[in-house]
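Please look through the following structure slowly, with the sequence beside it, before reading the notes below.

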Amino acid sequence: MKKLLLLFFLTLSLLIFITACSNDAEGEEPEEDTADEEQQADESTENEETNEEEAMDEKVEAVFWHAMSGSGQESIEAIVDNFNQSQDQYTIIPEFQGSYEEALTKFRSVGGTEDAPAIIQTFEVGTKYMIDSGFIEPVQSFIDEEGYDINQLEENILNYYTVDDQLYSMPFNSSTPVMLYNKDAFEEAGLDPEDPPQTFEEIKEAAEQLTVKDGDNTERYGFSILNYGWFIEELIATQGGLFVNNDNGRSDEATEAVFNGEEGLRVFQLIDEMNQAGTYGNFGSNWDDIRAAFQTENTAMYLDSSAGVAGTVENAPFEVGVAYIPYSEEAERNGVIIGGASLWMSNGIDEAKQQAAWEFMKYLQSPESQAKWHIDTGYFSINPAAYDEEMVQERWEEVPQLKVTVEQLQETKPSYATQGALISVFPEARQQVVTAMENVLQGTDPQEALDQAVEETNRVMEQANRANE
Amino acid sequence: MKSTAELQEKSVTKIDTKWRFIYWRSAILYLLPSIILFSVFLFYPLGKTLYLSFFLTDQQGNANVFVGLENYQYILQAESFHKSIKATILFVLYTVPTGVIISLFLALLANEKIKGVGIFRTIYSSTMGISVAASAVVWLFIFHPSMGILNQLITSIGGTSIDWLLHPNWALVSVSVTTIWMNIGFSFLIILGGLQNIDDHLYESARISGASYFYQLRRITIPMLSPTLFFVITVSLINAFQTFGQVDILTQGGPSESTNLIVYSIYREAFVNYQFGTASAQSIFLFICILIVTILQFKFGERKVHYQ
């Protein structure tokens with residue numbers, strides 16, 4: 001009897017373990033497989049490249065650190081390959097260095113030395129840091145030396161990376177936020193799928209109609225925003241609001257954060273009101289989670305990066321609509337700030353390597369490279385001529401939603417607000433904004449949450465200014 | 001006579017000091033390898049951390065503005081650091097006792113002599129072989145807000161779905177559950193080892209005198225197991241204070257900083273915000289906390305430990 005009881009306990013505990021384990025298997029395997037394959041693919045391409053280099057050692061080699069994984073990595077490696085084959089003087093070696101943050105952390109330890117990569121891809125909010133670091137050579141010096149015509153590039157993108165009339169880095173992958181919505185759900189709720197809500201009030205009303213409840217459970221929320229600082233920055237900028245003082249840090253060093261003004265408050269009030277009405281879905285701070293929520297119809301509208309549009313449209317089991325990001329009816333629509341990343345050139349390395357980097361940067365601007373990049377990833381083409389390429393036109397026929405993202409950018413009014421803020425402590429500022437957002441979702445007063453975030457941001461900015469004097 | 005005695009005494013002390021020096025020298029020689037390793041990998045970083053905690057660092061990470069105790073003052077009055085301390089203490093309380101009790105329970109089960117117990121032992125200790133990152137990713141899927149199996153299970157039996165990782169009150173619980181699950185393997189294995197070391201004669205005598213199972217558990221198993229339990233508790237406690245991987249993958253310290261454990265907060269300050277000064281001050285604070293807890297544990301806990 002005792003043994004039987006014991007056996008029962010053993011099996012029961014085992015069952016609990018097995019359920020946990022079998023879930024693992026289901027959830028994890030496909031992930032690992034693709035990761036492995038990717039890695040293998042990486043290794044093989046790297047090996048090929050090293051072999052090639054050994055064969056032709058008279059070529060100048062320049063290392064290129066990037067932060068693109070998945071389809072972005074495949075595309076970037078293909079473009080690099082094309083460049084390496086298009087001429088016989090230079091070889092570019094692409095190296096994946098993890099996320100933007102990780103790549104930047106690594107760069108900090110080698111910056112300014114011989115070991116630094118010739119090119120490093122850094123996200124937009126790292127701009128100020130890179131300029132102040134002293135590790136980089138502004139690309140403007142090459143542009144001036146060669147008389148290179150930069151005006152062929154998209155003006156709104158150049159605007160972001162131009163500081164004190166100098167183009168410091170070469171724009172490369174640029175994205176903006178857009179609003180994605182479920183057209184089928186719109187029809188179901190009696191809304192016009194071709195006329196998406198455009199102002200905060202309209203969003204609130206539409207979300208009310210789109211929300212589906214089943215008892216206490218909400219089956220579908222009306223609207224969601226990822227808990228990520230970038231979206232708040234964009235929603236403030238589209239109303240013409242600034243993030244930090246001194247014209248977003250563009251006319252002089254920023255000393256104070258001002259995102260707790262009326263524009264910021266309107267955004268937070270929108271979130272607060274919808275959250276209390278039960279029409280706002282909170283899916284955390286992970287991009288994949290909010291995309292999954294949209295795909296599984298747990299939310300009907302959400303904000304995403306333009307770089308995610310193609311993937312979402314293709315994977316969704318329903319019609320997906322793409323719209324401009326909403327603005328407050330009390331303000332005018334100003335457009336969007338450029339997100340994404342740009343390419344920086346190291347100083348302190350051989351001039352020949354810098355030349356190789358420069359040639360590669362020019363190659364990247366070509367309409368053909370940009371067209372391929374735009375199609376593969378959904379990032380913008382920084383060279384508008386790429387949009388006339390045949391392959392882009394074909395792709396747009398297939399996925400017309402991609403066009404909306406380009407139009408939104410081209411309609412943007414250039415101003416300090418849409419140029420984006422320039423501060424060296426941006427990563428920390430974003431964390432503060434995310435915390436404020438999460439606090440509002442837990443019922444904190446919007447103004448109080450914003451004031452707290454501003455106070456913390458100011459402290460870090462002041463400390464950074466003190467330390468770097 | 002007196003002088004010879006003095007002389008003798010002097011030479012004795014002389015010889016004594018000479019021998020002492022020789023002993024000391026060979027002792028140092030024996031210790032040298034570990035002293036060098038410890039200095040390079042422990043004492044130097046510790047000293048550097050202490051040094052950095054008195055400075056502000058610029059964008060290259062150089063310490064260039066001496067601020068004295070300002071970093072310490074700041075962290076002690078900052079609300080977010082208070083939240084970190086609170087979260088860490090709660091986390092330790094959630095994970096350590098539960099983890100040890102569950103492992104003890106499993107080890108007692110798996111210690112019985114029945115057929116096929118080896119399979120159970122292997123499976124119970126298997127979480128030891130899974131890396132922090134892999135198991136955290138698994139749990140990430142289990143807790144997933146829209147596709148997670150846990151919420152599907154709850155709603156299918158008619159409950160309300162729970163924001164496992166998205167609600168401040170639940171997030172810490174979710175991270176704790178993950179941690180307990182991950183740590184069970186190790187604790188289970190150590191406790192099982194301890195159980196097998198207990199002399200069978202003790203149980204035999206107890207059975208002859210007619211002691212019940214629970215009486216045996218209380219009077220023989222637990223006291224004999226106390227050195228092992230002490231070790232497991234100390235190690236789990238230190239591990240809990242130093243938790244990082246699960247937090248990074250599951251919640252990144254959110255929501256509303258409810259899972260921003262001290263080690264994660266240090267990582268964020270240092271490698272995301274590049275504030276090495278504040279990060280170092282937090283590290284020193286954590287070091288002192290763990291030191292105090294461990295000393296207290298040795299002082300009070302060890303009294304209850306029965307060594308054979």
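## Salt bridges within helices

In chain A, R395(A) and E398(A) are joined by a salt bridge, with their closest N and O atoms 3.9 Å apart; the term stands for a side-chain nitrogen of Lys or Arg within 4 Å of a carboxyl oxygen of Asp or Glu. The two residues are three residues apart in helix α16 (residues 390-398) of chain A, and so they are separated by about one helical turn. Helices here are DSSP runs of H or I with at least four residues, strands are DSSP runs of E with at least two, and both are numbered from the N terminus. R395(A) counts as buried because its relative accessible area is 13%, whereas E398(A) counts as exposed because its relative accessibility is 58%. Buried means under 20% relative accessible area, exposed means over 50%, and partly exposed lies in between, with a 1.4 Å probe and protein chains only.

R266(A) forms a salt bridge with E262(A), where the closest N and O atoms are 3.3 Å apart, and since these residues are four residues apart in helix α11 (residues 262-277) of chain A, about one helical turn separates them. R266(A) is buried, because its relative accessibility is 14%. The side chains of E462(A) and R466(A) also meet in a salt bridge, at 3.9 Å from N to O, and both residues lie in helix α20 (residues 446-467) of chain A, four residues apart. Here E462(A) is partly exposed at 46% relative accessibility, and R466(A) is partly exposed at 29%.

## How the model is described

This is a predicted model, in which local features need pLDDT of at least 70 and side-chain atom pairs count only at pLDDT 80 or more, while totals for chains, interfaces and linings use all residues. Residues are numbered from 1 along each chain as its sequence is written, chains are lettered from A and ligands numbered from 1 in the order in which they are written, and side-chain values use heavy atoms, with hydrogens and water left out.

## Chain A as a whole

Chain A has 20 helices and 13 strands, and 59% of its 469 residues count as buried. Among the contacts in chain A with a separation of 6 or more, residues 24 or more positions apart account for 76%, where contact means heavy atoms within 4.5 Å. The chain exposes about 19,100 Å², of which carbon and sulfur atoms supply 45%; accessible areas come from the Shrake-Rupley method with a 1.4 Å probe, and for residues only the protein chains shown count as cover.

Over all chains, a search of the whole structure finds 21 salt bridges, and E124(A), E233(A) and R430(A) are linked in a network of such bridges. If its neighbours within four places in sequence are left aside, K59(A) is in contact with N84(A), Q87(A), D88(A), Q89(A), Y90(A) and T91(A).

## A covered helix in chain B

Helix α11 (residues 262-272) of chain B is mostly covered, since nine of its eleven residues are buried. The buried residues include I262(B), Y264(B), R268(B) and E269(B). What covers the buried residues of α11(B) includes α19 (426-441) of chain A, together with α3 (79-110), α9 (213-241), α10 (245-250) and α12 (276-301) of chain B. After α11(B) comes Y274(B), whose phi is positive, near 55°.

## A nonpolar surface patch

L29(B), L31(B), L32(B), I35(B), I36(B), L37(B), F38(B), V40(B), F41(B), L42(B) and F43(B) form a nonpolar patch on the surface, with about 1,100 Å² of accessible area together. Patches are made of residues with over 30% relative accessible area and no salt bridge, with like charges joined within 9 Å and nonpolar side chains (Val, Leu, Ile, Met, Phe, Trp, Tyr) within 5 Å. One of the patch residues, I36(B), has its place in helix α1 (residues 2-52) of chain B, and I36(B) counts as partly exposed because its relative accessible area is 46%.
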